2 protein chains.
Amino acid sequence: MNVSREQMVENRRRILEAAGRLFRARGFEAVTVAEVMREAGLTHGGFYGHFRSKDDLIATTLAELVVAPEPELTALSDYAARYLSPGHRDNPGGGCPVAALVSETIRQAPEARAAMTEGLRRQIARLADGADAADSEAARQAAIGSWAAMVGAMIFARMSDDPDLSDEVLAQTRAWIARAIPAGAAE
Amino acid sequence: MNVSREQMVENRRRILEAAGRLFRARGFEAVTVAEVMREAGLTHGGFYGHFRSKDDLIATTLAELVVAPEPELTALSDYAARYLSPGHRDNPGGGCPVAALVSETIRQAPEARAAMTEGLRRQIARLADGADAADSEAARQAAIGSWAAMVGAMIFARMSDDPDLSDEVLAQTRAWIARAIPAGAAE
DNA sequence: TGATATACATGATGATGGTCATGTTTAGAG
DNA sequence: CTCTAAACATGACCATCATCATGTATATCA
């Protein structure tokens, strides 16, 4: 059984898409190579024709997820309001790869950490553009501080087994960011 | 070979201490039962005399770490300044169990999530006490928002493979929290 | 159209690690 | 002083996976 060149490209795309979804939903460790391939409509054996190892898949998947074009430029507090929604919390597999995977990335191979670090850099730059602060230094501070709060709050909200506390963390963090931003701008 | 009652209590304590350190340093998955026992000065076989399973160990360890008495009450921004230090970043095994383990706890057994959720509740209450805000609602908002930012920033700083970016995340988040708190109080 | 390279399927291999079975020694009770 | 229960050591078991070996069919090129 062989397959056309374009079919192969398509297969690789499907593998990365399945990996992106599964990794975000269940973490790197819990997802098996065989499972990714099954989700992509293939069997496990063909995997090593596309990637050198599972580590390679992880790094490549992160690199793809992280350079994904964000919507358009938005005001920082608008972005935070959309980010910190119950819908996002309840859909990790389709949501922000940072909230789902930063923590595990700490112990991944250097290539994976490099991809995630690059994603962090870009996100800070993007958010700083959306923070209308007094100067660019204040904008960068607001971007870093509120991005950390967004990701931290999303992780808290997903971890909590108490739905009320989970909702409250999202709502209060939204309010906290909205309130803190003008303060940064006024300085 | 038998062992005195107090020796057994001591052994259990050592197992939990080793587990706390290893889990924080390397995560739940990467640490083996045999390794925890070795660190505690025992062999793997005795483990099941103390805990029903590895999941049980995880939940018990989290419960212990989470009720650990925090230093004294401090002002929120002082707490943040100590929390967001390079020393803390570089010592995950001896540091905050939340920053090291929240994210993985999402996929752990219900008992583990319950323990971590309880820890989150307590920490929010503690920090709200330290936030001298206008009213208790504002204090709670500051506590949640800045706790999310602290944990998110610590995770970012540990993940980054770029030391400058890592340091910047800590410093800017410290500054962001210090700046945001009086704003919350003034409101 | 025929030859060949290759993408993928099937199945095996080897390592890892959670858990259990069994044995031994001694703390603690009578 | 005995007897027994239990805490721990040793060693095995079994499932899970990542990875590799081999086979097969077909896309591509001459």
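Predicted model: local features only at pLDDT ≥ 70, side-chain atom pairs only at ≥ 80, totals over all residues.
On the side of α7(B), the contact is made by B:V98, B:A99, B:A100 and B:V102. The residues that α9(B) brings to this contact are B:W147, B:V151, B:M154, B:I155 and B:R158. Sorted by class, the contact of α7(B) with α9(B) comprises 8 nonpolar residues, no polar residues and 1 charged residue.

The axes of helix α5 (residues 76–83) of chain A and α9(A) come within 11 Å and cross at roughly 10°. Because angles under 35 degrees count as roughly parallel, α5(A) and α9(A) are described as roughly parallel to each other. From α5(A), the residues A:L76, A:Y79, A:A80 and A:Y83 take part. They meet A:A142, A:A143, A:S146, A:W147, A:M150, A:V151 and A:M154 of α9(A). By class, this contact of α5(A) with α9(A) divides into 10 nonpolar residues, 1 polar residue and no charged residues.

These elements belong to a chain built from helices: chain A has 10 helices and 0 strands. Read from the N terminus, its elements follow the order α-α-α-α-α-α-α-α-α-α. The C-alpha trace of chain A spans about 65 × 35 × 30 Å along its principal axes.

The discussion now turns to the interface. Here 57 residues of chain A are in contact with 57 residues of chain B. The size of an interface is often given as the accessible area lost when the parts come together. Between chain A and chain B the buried area is about 4,800 Å², and carbon and sulfur atoms give 64% of it. Within chain A, the residues that lose the most area to chain B are A:F156, A:M159 and A:W176, which together account for 17% of what that side buries.

B:E104 forms a salt bridge with A:R107, with the closest N and O atoms 2.7 Å apart.

Which elements of chain A give two or more residues to the side that touches chain B? They are α1 (5–26), α7 (97–105), α8 (110–130), α9 (136–159) and α10 (163–186) of chain A. The most is given by α9(A), with 18 residues. By class, the side of chain A that touches chain B has 30 nonpolar, 12 polar and 15 charged residues.

Technical notes. Residues numbered from 1 in each chain as written. Chains lettered and ligands numbered in written order. Heavy atoms only, no water. Contact = heavy atoms within 4.5 Å. Buried area = accessible area lost by both parts, 1.4 Å probe. Salt bridge = Lys/Arg side-chain N within 4 Å of Asp/Glu carboxyl O. Helix = DSSP H or I, 4+ residues; strand = E, 2+ residues; numbered from the N terminus. Nonpolar A, V, L, I, M, F, W, Y, C, P; charged D, E, K, R; others polar. Axes fitted to C-alpha atoms, helices over the stretch in contact; angles between N-to-C directions. Parallel < 35°, antiparallel > 145°, perpendicular 65-115°, else oblique.
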